[in-house]
Amino acid sequence: MAQDKIVFCCQECGYESINWLGQCPDCGKWNTLVEEKVAAPAKHKANNTRVAGAPQTLAEIKSIETDRIATGIGEFDRIVGGGVVPGSLVLIGGAPGIGKSTLLLQVAQALNRQGAILYISGEESPQQIKLRAQRLGVDSEQLYLVSETNIQQVIEYCKKLNPKFLIIDSIQTLSEPDLPSAPGSVGQVRECTLQLMNVAKGYTIATFICGHVTKVGEIAGPRVLEHMVDTVLYFEGDAQHNYRILRAVKNRFGATNEIGIFSMQEKGLIEVLNPSEVLLSERNEAASGTVVVVSLEGTRPLLVELQSLVTSTYLPVARRQVQGLDYNRVLLLLAVMEKRLGLHLGSQDVFVNVVSGLEIDEPASDLGLVGAVASALRNVPVDKLTAIMGEVGLSGEVRAINFAKERVQEAAKLGFKQAVIPAGNLKEAQALKNKIDILAVKSIREAIDFCLKK
Ligand SMILES: Nc1ncnc2c1ncn2[C@@H]1O[C@H](COP(=O)(O)OP(=O)(O)OP(=O)(O)O)[C@@H](O)[C@H]1O
Ligand SMILES: [Mg+2]
Ligand SMILES: [Zn+2]
């Protein structure tokens, strides 16, 4: 065996350097380079693949779209694009204790009749998993559990059992003994994922890989991992509530940014079927500074409450505090309001918050934000059954948004009486005018005059 070489490897992006550097030249992160030993390339890699190398025409290649396997957990199926694709690699990242193992166990139960499932745990003993399984009511006869951290052994199990599904809990505990670096390091994570990918594609095993996230909310070695897998799901939580949001940030088989909402209960994760209703459930409808916007998460419109508080500042420079929206976007919109509406925000502290901990990063919420801040500043509440949507341009014009009809439809479904929409979207939304009143606006002034009339 060739002698071990030492490299410094960025734990974020996998960049390698022969010297230690304070900042990674590739991704720009600080203090991410860590010493790792690298060995000569492992010899066993080649024989894990079973796909024949002969080129085929498109017509010859079997379509996998028809083979999608629905778990029956609706929120989960939607996020992965309508069911699990055989042989695909799905990465599920989330903070410690958020419920990754719970979700995977429930998915295993839901896949019960579809084929054998091999659950590899590097963190818990089979007894511990059984305890959880009993609490969740999981009793799948085709679920095989094993505690294992050696990737070669995992591959042996796969060859022996030939399961249809493989669950790895978690990728950071797996290691390749031929590699001298520590489990969880970028080198190990990358090597193990590569081997899992070969097995998954070669033997058509749908593989779910669970990964821990670092303090900044990224999966350890995220970029290296995200490139290799087909689908990346992030499991996020809301500390005050029991809600858990599963979000697809990358998907080779479906829409990205699709979200599924669950509530964590003793019996496990329960799907939330009417998320907009839940998100709006604690609304104080009479207060000024709150509006409802319709945000598109993947393919689904969601009604979300935006809150704003505007108070005279005691500081030389007024504060802007933003949660759930893009900070710079908010500054820009405040500047547009100052200039185009003549509002004096320079001497006011402005706080903005998206209720429920959701992050909205689409411009369709611009007009809602303008409405919320104007309402807070003037202390006039916006009608509680009005939903607001629209992108705002620098001259204070309201621009058309995508999927306006779907958004208006969702508002109507939840009993909203009126929707304020961009004039450019009037034509498509017109079809819904017998369900909900539609006010099409061209400028923020028009929108504000309408929303804040007493
Ligand atoms: N009896 C219970 N009733 C309700 N919720 C529970 C109960 N037991 C555990 N939970 C929930 O399950 C969560 C832990 O779930 P799980 O072990 O699946 O998380 P994880 O993401 O796999 O964690 P880890 O990072 O430790 O692997 C707890 O944070 C808690 O919210
Ligand atoms: Mg776990
Ligand atoms: Zn880097």
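Which residue has a polar backbone atom 3.3 Å from an oxygen atom of ligand 1? In this predicted model, that residue is Ile98.

## Ligand 1

Glu123 places a polar side-chain atom 3.4 Å from an oxygen atom of ligand 1. Arg135 has a side-chain N or O atom 3.2 Å from a nitrogen atom of ligand 1.

Ligand 1 exposes 640 Å² when taken alone, and the protein buries 66% of that area.

## Zinc site

Four cysteines coordinate the zinc ion (ligand 3) through their SG atoms: Cys10, Cys13, Cys24 and Cys27, at 2.2 to 2.3 Å. The site is tetrahedral, with angles of 106 to 111° among the four donor atoms. Along the sequence, the donor residues follow the spacing C-x2-C-x10-C-x2-C.

Cys13 lies in the loop between β1 (5-10) and β2 (16-17), and Cys24 in the loop between β2 and β3 (33-38); the two are eleven residues apart. Cys13 counts as buried because its relative accessibility is 12%, under the 20% cut-off. Cys24 is also buried, at 1% relative accessibility.

## Domains

The domain assignment divides the chain into domain 1 (1-40), domain 2 (69-273) and domain 3 (278-451). Between the C-alpha centres of domain 1 and domain 3 the distance is 46 Å.

Technical notes:
Residues are numbered from 1 along each chain as its sequence is written. Chains are lettered from A and ligands numbered from 1 in the order in which they are written. This is a predicted model: local features need pLDDT of at least 70, side-chain atom pairs count only at pLDDT 80 or more; totals for chains, interfaces and linings use all residues. Side-chain values use heavy atoms; hydrogens and water are left out. Domain bounds come from an automatic or database domain assignment. Donors are N, O and S atoms within 2.8 Å of the metal (3.2 Å for Na, K and Ca); water is not among the atoms, so sites may look incomplete. Four donors count as tetrahedral if all angles lie between 85 and 135 degrees; four count as square planar and six as octahedral if opposite donors are over 155 degrees apart and all others between 65 and 115; anything else is irregular. Helices (H or I, at least four residues) and strands (E, at least two) are DSSP runs, numbered from the N terminus. Buried means under 20% relative accessible area, exposed over 50%, partly exposed in between (1.4 Å probe, protein chains only). A polar contact is a pair of N or O atoms within 3.5 Å; within protein, one must be able to donate a hydrogen and the other to accept it, and residues adjacent in sequence count only if both atoms are side-chain atoms. Accessible areas come from the Shrake-Rupley method with a 1.4 Å probe; for residues, only the protein chains shown count as cover.
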